[in-house]
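Please look over the sequence and the model shown here before reading on.

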Amino acid sequence: MAKLVVEISHAPFGHENAYAGLFAAMGWVSAGNEVVVVLRGAGVHVVRKGQIDPLKEISLPATERQVTDVIGEGGRIVADRSSLEARGIERDMMIDGIEVLDRDAIRRVLLEDGERVLTF
Amino acid sequence: MVSLGGKTMALMLFSAPFGSQYADHMCRIAERALDKGYDVEIFLYGDSVHVQMNEQRPKTFFPVGDALKGLIDRGAAVYSCEICSIARGYIKGELKDGKKDYSSTKVIEGIRFCSIYGFVEMLGRANRVLSFGGS
């Protein structure tokens with residue numbers, strides 16, 4: 001299966017980067033391919049569970065739903081540990097299925113799975 | 001010129017023109033890729049669909065619209081995100097006689113429209129993928 005890495009470094013809702021990246025990831029994985037979504041910097045806010053319905057409240061796509069859909073299709077969502085720690089985001093605040101990786105492990109993901117890389 | 005035997009380069013642009021140089025760099029690299037014999041495919045995503053607006057008149061900035069038209073004239077395939085273009089008023093995208101209506105007076109001639117699944121197919125065809133903007 002062909003591999004794609006989608007890197008997201010913007011928080012959801014303020015910019016369209018996060019949900020645009022997750023749309024691309026979902027399209028790729030639902031076509032039978034492998035995807036790893038790498039969340040770094042402010043992009044780690046994507047991991048937060050229990051978001052209000054953003055479509056109803058602020059007319060924007062629900063990244064929480066996108067994350068669970070990508071994982072449900074077999075995609076991986078990985079978050080940078082130091083970015084999470086810097087923002088005080090702990091495991092019990094995170095959507096189930098998110099992997100937390102150190103920077104070295106994320107570098108390995110980029111090298112091993114980065115046949116194609118999209119940055120958002 | 002060295003032919004690359006049908007190798008394809010896919011370029012995704014995510015930033016609007018003029019506010020940053022991502023679109024300029026994307027066009028220049030696409031030009032060089034064509035020079036080197038690549039088949040070039042471009043996907044305009046998010047705010048980058050504004051590069052498809054016709055009759056741009058930048059006085060001091062890089063003329064992105066002209067560059068994009070030049071790429072199309074040289075054989076590059078330029079696809080624009082359908083839903084992003086509908087949201088920004090470039091096309092209606094409504095069904096007309098059983099087909100999507102992509103007619104528009106606002107868009108550079110030769111731009112094609114597709115969904116995210118069209119982009120996925122483009123990525124699958126590509127030997128090289130470059131991403132511009134977004135971070």
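This is a predicted model: local features need pLDDT of at least 70, side-chain atom pairs count only at pLDDT 80 or more; totals for chains, interfaces and linings use all residues.

Residues are numbered from 1 along each chain as its sequence is written, and chains are lettered from A and ligands numbered from 1 in the order in which they are written.

The secondary structure of chain B comprises four helices and seven strands, where helices (H or I, at least four residues) and strands (E, at least two) are DSSP runs, numbered from the N terminus. Following the sequence, these elements of chain B come in the pattern β-α-β-α-β-α-β-β-β-α-β. The C-alpha trace of chain B spans about 45 × 40 × 30 Å along its principal axes. Its radius of gyration is 14 Å, which agrees with the value near 14 Å that a compact globule of 135 residues would have; the radius is taken over C-alpha atoms, and the globule rule is 2.2 Å times the number of residues to the power 0.38. Of the 135 residues of chain B, 41% count as buried, a residue being buried if 20 or more other C-beta atoms lie within 10 Å of its own, exposed if 12 or fewer, and partly exposed in between, with C-beta atoms placed from the backbone. Among contacts in chain B between residues at least 6 apart in sequence, 76% join residues at least 24 apart, a contact meaning that the C-beta atoms of two residues, placed from the backbone, lie within 7 Å.

Strand E2 of chain A (residues 34-39) runs parallel to E3(A) and is joined to it by four bridges; two strands pair if DSSP finds at least two bridges between them. Within this pairing, Val37(A) stands opposite Ile77(A). E3(A) also pairs in the parallel sense with strand E4 of chain A (residues 99-101), over three bridges, and there Val78(A) has Glu99(A) as its bridge partner. From E3(A) the chain crosses through helix H4 of chain A (residues 81-86) to E4(A) in a right-handed β-α-β crossover, a term that applies if, with the strands pointing away from the viewer, the path from the first strand over the helix to the second runs clockwise.

Two loop residues of chain A deserve a look. Phe13(A), in the loop between strand E1 (3-8) and H1 of chain A, has a phi near 85°, a positive value in a residue other than glycine. Ser59(A), in the loop between helices H2 (54-57) and H3 (63-72) of chain A, likewise has a positive phi, near 55°. Phe13(A) is partly exposed, with 16 other C-beta atoms within 10 Å, whereas Ser59(A) is exposed, with 7.

How do the two chains meet? In all, 14 residues of chain B are in contact with 16 residues of chain A. On the side of chain B that touches chain A, helix H4 (116-125) and strand E7 (128-132) of chain B each supply at least two residues, and H4(B) gives the most, with six.
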